[in-house]
Amino acid sequence: MQITLSFATTADGYLDDNSPRRLMISTPEDWEAVLRLRASHDAILAGAETLRRDDPALLLRDAAARELRRARGMRPDLTKVTLTHSGRLSPSMRFFTEGDADRYVFSEKELPELKGVAEVISSDGSITASAIVTELEKRGVERLLVEGGASVLRMFLAEGMADTVRRAVNPQLTLGPERGGAQFRFEVPEGAVCRRENLGGMEVATCTLRPDTRDEDLRYLTQAVAEGLRCVPSRTSYCVGAVVALPDGRSFTGYTHETSPTHHAEQEAIRKALDAGAELRGAAIYSSMEPCSQRKSEPESCTQLILRHGFARVVFALYEPDRFVRCRGAQTLREAGVDVRVYPELAEGVRRANAHLGR
């Protein structure tokens, strides 16, 4: 998933003031740019405190973008997402009542009052950015725009769950602690590349935190999907292919049960790399299906294996279906700081390799 954080602040770093009215920080030119940015995403996320304070509708205003979504068989408005710890959300909020969109609420408790107006995704513990991204990906979201508030932005940054940050500062507006509400300061990480522009007086910086690896990912992942087709079908396991890609350019392939009736594809590729004397820390592994998080045939899951060897990136095409177990490989890897990427456009080849399980 591509994740963009977008926010506007005053010159002294406030996202809003402490009055009950919404404070408009952006200039008209900047606001138009924000609306265009929304149109380039599948879903938009704002925290429950923002909903209670500003009551935003979070609609997609661009008529052409709405029509394009309809033509693709999608609902015309962006998927709306929020998260709540307290559960204090009224179904009368504009988030729920306006627009034609799918709506998801991440909550630490059941919210029966929202039945029929949103899908509530309850967590067993605290809500994390890793869990939000994983669950949204499973529901088809590929590009997420996070608009706040401050605690939500901090959570995504702290977990390393942001590809791009768009910060707009109004240098003409200062509140001070006596008038300021939530404050948020973004420190550009070392190595990040920022593009700067002025929009009607707003000083806008768009910073890339993680490089675009799409072309490389699709090349190796296509190879992993092809490896999965070499697997001999089994009624008790998925046919999966994997590729280990090293920083020095070498790569190693594997597929389920290639050399052992209990080996998964990731094990096969990792074994070949280790036999060649490879250092795996910081490497990438491409698997046609989400790495398993629990198994019966061997004591260590592929997720544990990947973490033990210190892989920096994991890329796959299809989330593991809930056929044998409920897999949480992607979320576990993300929670451990691994960069996880999913490309569902290659999932059909994985389904074809596992068509025997559908009969």
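This is a predicted model: local features need pLDDT of at least 70, side-chain atom pairs count only at pLDDT 80 or more; totals for chains, interfaces and linings use all residues.
Colleague: What is the strand order of the open sheet of 5 strands?
Modeller: Strands are DSSP runs of E of at least two residues, and helices are runs of H or I of at least four, both numbered from the N terminus. Two strands pair if DSSP finds at least two bridges between them. The edge strands, E11 (251-255) and E14 (339-342), each pair on one side only. With mixed pairing, the order is E11-E10-E12-E13-E14.

Colleague: Do strands E10 and E12 run parallel or antiparallel?
Modeller: Strands of a sheet pair through backbone hydrogen bonds, in either sense. Ala-245 stands opposite Ala-284 in E12. The 4 bridges between E10 (residues 241-245) and E12 (residues 284-289) join strands that run antiparallel.

Colleague: At about what angle does helix H7 run to E12?
Modeller: Axes are lines fitted to C-alpha atoms, for helices over the stretch in contact (heavy atoms within 4.5 Å). Angles run from 0 to 180 degrees between N-to-C directions. Helix H7 (residues 214-228) lies across E10, E11, E12, E13 and E14, and its angle to E12 is about 50°.

Colleague: Which residue in E14 is the bridge partner of Phe-316?
Modeller: E13 and E14 pair in the parallel sense over 4 bridges. On E14, Asp-339 and Arg-341 on one side and Val-340 and Val-342 on the other are all buried, that is, under 20% relative accessible area with a 1.4 Å probe and protein chains only, where exposed means over 50% and partly exposed lies in between. The partner of Phe-316 is Val-342.

Colleague: How many residues does the largest nonpolar core have?
Modeller: A nonpolar core is a set of buried Ala, Val, Leu, Ile, Met, Phe, Trp, Tyr and Cys residues joined through side-chain atoms within 4.5 Å. In the largest one, the residues with the most contacts inside it are Val-244, Leu-280, Tyr-286, Phe-311 and Val-314. Another core, lying apart from it, has 32 residues, including Val-141 and Val-165. The largest core has 42 residues.

Colleague: Why does Thr-9 count as buried?
Modeller: Thr-9 is found in strand E1. Its contacts, leaving aside neighbours within four places in sequence, include Tyr-14, Ile-25 and Phe-184. Thr-9 counts as buried because its relative accessible area is 4%.

Colleague: Which peptide bond is cis, with omega near 5°?
Modeller: Most peptide bonds are trans. Gly-149 is found in the loop between E6 and H6. The cis bond runs from Gly-148 to Gly-149.

Colleague: Is Leu-58 buried or exposed?
Modeller: Leu-58 lies in the loop between H2 and H3, and its phi is near 55°, a positive value in a residue other than glycine. Asp-55 is in the loop between H2 (48-54) and H3 (63-71); its phi is near 50°, and it is partly exposed, with a relative accessible area of 27%. At 5% relative accessibility, Leu-58 is buried.

Terms used. Residues are numbered from 1 along each chain as its sequence is written. Side-chain values use heavy atoms; hydrogens and water are left out.
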